[in-house]
Amino acid sequence: MEGTDPVNKKLAAALSGGAVLVLALSGCGGDDETNDKLNSWAKEVCDSVQPQIKKIAAANASIQKETSDDSAPADVQKADSQGFQDISDAYKAMATAIQRAGAPDVEDGAKKQKAAVAELNQLSTAYGELKKKSDALNTKDQAKFADGLEGVATELEKLSKTGSDALKELEKGEVGQAMAEQESCKSATSSGGVSAPASAS
């Protein structure tokens with residue numbers, strides 16, 4: 001696997017960068033009083049999102065394991081394909097959860113909710129496209145596989161840098177405070193495997 005090793009490292013680094021995206025949905029500190037309606041909204045979103053954050057972390061870990069273990073091309077492809085599908089499904093489920101919860105009871109809540117849902121759906125589509133690219137890689141030819149994997153890693157790197165501006169915007173102020181007080185958002189933050197190492201930049 002000598003030819004694909006640098007590519008594997010690039011793929012693993014890009015993956016860890018992608019994990020930054022889910023941090024926006026882990027809630028942040030703050031203990032100001034928030035209204036019951038907003039707390040109820042935050043609980044619904046946090047409870048729905050927490051399993052998806054874990055799913056993304058598990059998919060990232062699985063792909064990173066295969067790409068750093070000098071695995072055979074077919075095994076790397078299989079892990080990538082399943083991992084990208086899982087991540088795509090998770091972002092889709094997050095979008096659905098926020099859509100179903102409705103707009104948070106804050107200024108511009110509906111506008112922020114709509115933007116966050118659109119962003120999550122875009123991420124879901126993007127990871128779905130990565131799955132297709134991964135599935136199309138030539139695992140029989142080492143050099144072609146390495147070239148193809150390089151392309152996937154580059155796309156993933158771009159994706160990991162797109163940020164999650166709409167999510168961050170949704171969770172500013174009162175919304176973030178309400179989410180920070182939900183047990184499920186707290187456990188998502190402390191569950192590990194979600195945060196990204198600095199080497200991903």
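Reply: A residue counts as buried when its relative accessible area is under 20%. Keep that cut-off in mind for what follows. The model is predicted.

Start with helix α8, residues 173-180. Its buried residues are Val-175, Gly-176, Gln-177, Ala-178, Met-179 and Ala-180. That is six of its eight residues, so α8 is largely enclosed by the rest of the structure. For the chain as a whole, 45% of the 201 residues are buried.

What surrounds such a segment? The secondary structure comes to nine helices and zero strands. From the N terminus, the order is α-α-α-α-α-α-α-α-α. Take contacts between residues at least 6 apart in sequence: 86% of them join residues at least 24 apart. The accessible surface of the chain is about 9,500 Å². Carbon and sulfur atoms hold 49% of that area.

Now the part to examine closely: the packing of α4 on α6. Helix α4 covers residues 73-101, and helix α6 covers residues 142-160. Their axes are 11 Å apart and meet at an angle of about 25°. Angles under 35 degrees count as roughly parallel. The two helices are therefore roughly parallel to each other. The crossing of α4 past α6 is left-handed.

Which residues make the contact? From α4 come Pro-73, Val-76, Gln-77, Asp-80 and Phe-84. From α6 come Gln-142, Phe-145, Leu-149, Val-152 and Leu-156. By class, seven of these residues are nonpolar, two are polar and one is charged. An α-helix has 3.6 residues a turn, so residues three or four places apart point the same way.

What does Leu-130 touch, beyond neighbours within four places in sequence? Its partners are Phe-84, Val-152, Glu-155, Leu-156 and Leu-159. Among them, Phe-84, Val-152 and Leu-156 also take part in the contact of α4 with α6.

Leu-130 and Ser-81 are 49 residues apart in sequence. Their C-alpha atoms are 8.1 Å apart.

To sum up, α4 and α6 are roughly parallel.

Conventions. Residues are numbered from 1 along each chain as its sequence is written. This is a predicted model: local features need pLDDT of at least 70, side-chain atom pairs count only at pLDDT 80 or more; totals for chains, interfaces and linings use all residues. Side-chain values use heavy atoms; hydrogens and water are left out. Axes are lines fitted to C-alpha atoms, for helices over the stretch in contact, and angles run from 0 to 180 degrees between N-to-C directions. Helices (H or I, at least four residues) and strands (E, at least two) are DSSP runs, numbered from the N terminus. Angles under 35 degrees count as roughly parallel, over 145 as roughly antiparallel, 65 to 115 as roughly perpendicular and the rest as oblique. A crossing is left-handed if the near helix is turned anticlockwise from the far one by less than a right angle, and right-handed if clockwise. Contact means heavy atoms within 4.5 Å. Ala, Val, Leu, Ile, Met, Phe, Trp, Tyr, Cys and Pro count as nonpolar, Asp, Glu, Lys and Arg as charged, and the others, Gly among them, as polar. Buried means under 20% relative accessible area, exposed over 50%, partly exposed in between (1.4 Å probe, protein chains only). Accessible areas come from the Shrake-Rupley method with a 1.4 Å probe; for residues, only the protein chains shown count as cover.
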